[in-house]
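Subject: Structure for you to look at, with notes on two interfaces

Dear colleague,

Please find the structure below, which I am handing over to you together with my notes on how some of its chains meet.

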Protein chains: 12
Amino acid sequence: MADTYKITELTGTSTESLADAIRSGVAKAGETLHGLDWFEVTDIRGHIENGQVEHFQVSLKIGFKLD
Amino acid sequence: MADTYKITELTGTSTESLADAIRSGVAKAGETLHGLDWFEVTDIRGHIENGQVEHFQVSLKIGFKLD
Amino acid sequence: MADTYKITELTGTSTESLADAIRSGVAKAGETLHGLDWFEVTDIRGHIENGQVEHFQVSLKIGFKLD
Amino acid sequence: MADTYKITELTGTSTESLADAIRSGVAKAGETLHGLDWFEVTDIRGHIENGQVEHFQVSLKIGFKLD
Amino acid sequence: MADTYKITELTGTSTESLADAIRSGVAKAGETLHGLDWFEVTDIRGHIENGQVEHFQVSLKIGFKLD
Amino acid sequence: MADTYKITELTGTSTESLADAIRSGVAKAGETLHGLDWFEVTDIRGHIENGQVEHFQVSLKIGFKLD
Amino acid sequence: MADTYKITELTGTSTESLADAIRSGVAKAGETLHGLDWFEVTDIRGHIENGQVEHFQVSLKIGFKLD
Amino acid sequence: MADTYKITELTGTSTESLADAIRSGVAKAGETLHGLDWFEVTDIRGHIENGQVEHFQVSLKIGFKLD
Amino acid sequence: MADTYKITELTGTSTESLADAIRSGVAKAGETLHGLDWFEVTDIRGHIENGQVEHFQVSLKIGFKLD
Amino acid sequence: MADTYKITELTGTSTESLADAIRSGVAKAGETLHGLDWFEVTDIRGHIENGQVEHFQVSLKIGFKLD
Amino acid sequence: MADTYKITELTGTSTESLADAIRSGVAKAGETLHGLDWFEVTDIRGHIENGQVEHFQVSLKIGFKLD
Amino acid sequence: MADTYKITELTGTSTESLADAIRSGVAKAGETLHGLDWFEVTDIRGHIENGQVEHFQVSLKIGFKLD
């Protein structure tokens with residue numbers, strides 16, 4: 001049978017940068033899922049406190065190969 | 001490590017209202033998932049029988065914090 | 001020949017709720033069309049008078065089977 | 001000069017229904033703005049607590065005529 | 001409680017056709033999930049080698065009824 | 001007066017392929033409408049039974065010249 | 001019963017301007033439909049001949065009140 | 001601090017053309033706001049009376065530099 | 001081999017009208033490309049100076065047949 | 001310097017199937033461009049003659065590595 | 001009355017990073033508005049000079065609670 | 001004749017940040033094209049290896065003035 005990939009959706013967060021929010025979300029997914037292959041950003045949001053960005057929230061679709 | 005949220009997608013249904021379809025889908029998710037935090041409506045559809053709305057179908061993305 | 005469905009587009013209105021605007025539009029379509037099967041909401045708008053919502057306008061695509 | 005309308009964007013909330021969240025947001029806008037004419041829903045979200053919908057958040061563009 | 005459907009997202013692949021990529025992805029999902037009901041195509045992509053299409057990748061949302 | 005085209009929307013179905021679902025929907029439209037000129041795919045969905053694709057549903061906008 | 005509006009979709013054309021393509025499509029619709037109320041532009045395209053714009057094609061959704 | 005631009009949203013109207021509707025909306029904004037820099041069209045709609053276009057409504061995002 | 005069309009993307013400008021911005025961009029493309037066949041508007045923007053529209057910018061996809 | 005990919009856009013055509021329209025467009029691009037890597041479908045349209053599909057038109061973005 | 005949030009739209013800029021453009025825009029908004037709560041990125045653009053990125057422009061919707 | 005801008009599409013990559021992926025793609029374009037003026041991000045994706053982000057891929061539309 002041809003390859004099939006499952007797509008899971010996560011929101012990674014960071015107080016530093018968008019790249020760190022992506023890296024953090026991908027690393028968390030990698031703790032329990034094997035064969036992670038690609039990601040796609042679907043949304044960039046964040047939380048504000050006292051008139052300053054408190055953290056960034058980057059939502060991701062992450063694809064991985066099913067056995 | 002920074003917080004990570006997983007996003008799951010459901011379709012809740014109701015014969016009564018859009019709000020009830022959302023409540024029903026969220027409550028069903030809450031039976032097996034902990035830490036549900038937010039939802040976002042992605043699609044509103046429904047089924048028609050005998051020329052009348054039979055039920056509403058509201059698709060949701062639901063976010064919850066990963067431990 | 002395989003089944004074919006026609007899609008018609010309507011805007012239903014209600015002073016009460018979004019669900020009633022949908023029900024009203026579907027019921028109106030059901031007066032002249034047979035075999036209505038499903039609907040999909042494409043737009044939610046409304047009219048305001050004296051600073052209050054006067055009525056809701058919900059646009060729908062409605063699918064029905066062609067004979 | 002031809003009529004010009006300004007569009008403002010709000011998020012109304014309700015524990016009851018989507019229609020109430022819209023009505024609440026429009027009424028709040030009507031406290032300070034005159035000539036409100038129409039609204040359009042741009043986003044439907046909400047907050048979840050203890051596995052149940054805590055409130056609905058409906059984002060609206062609201063148009064009103066400039067003098 | 002009213003019916004609730006879960007939506008899972010997959011990418012099926014095929015060297016032959018878009019329909020085969022869809023069939024392959026759905027069949028893979030059917031190995032572990034019961035009550036699969038509908039699918040919706042969200043993305044059509046593919047891989048190219050030596051200037052020719054090597055395989056098609058069709059991403060799908062697949063809905064199934066929760067017990 | 002300049003040419004005007006009307007756009008009608010249909011869903012064609014097929015158990016075989018996406019192309020057949022399109023051909024079937026267009027042929028059905030051609031039974032009652034003259035001057036069909038172009039189509040555009042707006043949605044690709046389908047029905048699943050026993051864990052296999054039962055049929056494909058391809059929604060189309062079809063344009064034809066008004067006399 | 002509350003008001004219901006039907007939405008029909010047309011493509012108007014003009015060699016002169018986008019506004020004329022819209023006016024032409026609306027006027028054509030007005031020959032056979034009563035109670036036309038609003039339009040919304042969904043697509044702006046055109047045909048090119050000998051490296052020059054030959055005509056503009058503006059697709060419209062047109063709403064009218066059902067009796 | 002780096003430059004920041006505010007974006008305001010308006011609907012300009014005209015009985016003549018889309019360009020005039022845009023010009024009219026921008027000129028109205030320019031009566032009270034300084035430093036207007038760019039616009040982007042977000043929606044093209046209009047009102048129909050007696051089967052003819054009565055006026056065009058062009059919605060705009062307008063950007064201007066904050067001091 | 002079946003026909004293949006290439007799609008190029010341009011932004012045409014005009015101080016007069018949207019139609020002139022489109023005509024200008026298409027004519028510029030026609031200076032170096034042969035077989036231009038159709039265009040599609042993807043974005044309408046513009047520049048503002050002294051509170052008035054200075055020029056319109058219309059982005060186009062333009063299709064032409066490859067030999 | 002990190003890898004850079006250029007994206008070109010084409011419309012492939014076929015009287016047979018969507019997959020053949022994609023294969024045809026990719027093969028045409030491969031005649032003059034090296035290092036083609038992936039494609040993404042952006043639009044599915046077609047031409048109708050005598051009430052039957054005459055050919056399918058599939059628009060593609062095709063990515064290839066720059067040297 | 002239930003909580004209502006107003007949404008304002010800004011473009012923040014930075015020569016350094018996307019995160020800095022967001023932080024800069026939010027901080028500027030925080031100088032005059034109280035109760036800023038969340039942001040959402042709607043557009044990422046930038047200016048190029050001499051073949052290099054001169055600055056990044058990130059457009060944001062920013063939500064804040066109305067009293 | 002009025003100014004015309006051509007739009008080219010690229011994917012820049014970086015192991016470091018989204019800003020670096022943009023800078024890299026723009027710099028690569030600047031090696032062969034003159035008069036680069038603006039960019040717009042159209043897609044943010046990336047590749048994952050061993051459960052960690054391997055590199056970021058940022059797709060850009062880049063505009064430059066035609067002579």
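How many residues of chain A are in contact with residues of chain E, and how many does chain E bring? Eleven residues of chain A touch twelve residues of chain E, and please bear in mind throughout that this is a predicted model.

Chain A and chain E

Between chain A and chain E an area of about 990 Å² is buried, and carbon and sulfur atoms give 51% of it. One salt bridge is counted between these two chains, and it joins A:Lys61 to E:Glu9, with the closest N and O atoms 3.0 Å apart. There are also six residue pairs in polar contact between chain A and chain E, both residues being at pLDDT 80 or more. On the side of chain A that touches chain E, the largest share, four residues, is given by strand β1 (residues 4-14) of chain A, and that side as a whole consists of six nonpolar, one polar and four charged residues.

Chain K and chain A

Turning to the other interface, chain K and chain A each put 15 residues into the contact, and the area buried between them is about 1,200 Å², of which 63% comes from carbon and sulfur atoms. The count here is one salt bridge, formed by K:Glu40 and A:Arg45, whose closest N and O atoms lie 3.4 Å apart. Seven residue pairs are found in polar contact across the interface of chain K and chain A, again with both residues at pLDDT 80 or more. On the side of chain K that touches chain A, the elements giving two or more residues are α1 (18-32) and β2 (36-49) of chain K, and the residues of that side divide into eleven nonpolar, one polar and three charged.

Here, too, strands pair between chains: strand β2 (residues 36-49) of chain A and β2(K) run in the antiparallel sense, with three bridges between them. Within this pairing you can find A:Gly46 standing opposite K:Phe39 in β2(K).

With best wishes

How values were computed:
Residues are numbered from 1 along each chain as its sequence is written. Chains are lettered from A and ligands numbered from 1 in the order in which they are written. This is a predicted model: local features need pLDDT of at least 70, side-chain atom pairs count only at pLDDT 80 or more; totals for chains, interfaces and linings use all residues. Side-chain values use heavy atoms; hydrogens and water are left out. Contact means heavy atoms within 4.5 Å. Buried area is the accessible area (1.4 Å probe) that two parts lose on being put together, summed over both. A salt bridge is a side-chain nitrogen of Lys or Arg within 4 Å of a carboxyl oxygen of Asp or Glu. A polar contact is a pair of N or O atoms within 3.5 Å; within protein, one must be able to donate a hydrogen and the other to accept it, and residues adjacent in sequence count only if both atoms are side-chain atoms. Ala, Val, Leu, Ile, Met, Phe, Trp, Tyr, Cys and Pro count as nonpolar, Asp, Glu, Lys and Arg as charged, and the others, Gly among them, as polar. Two strands pair if DSSP finds at least two bridges between them.
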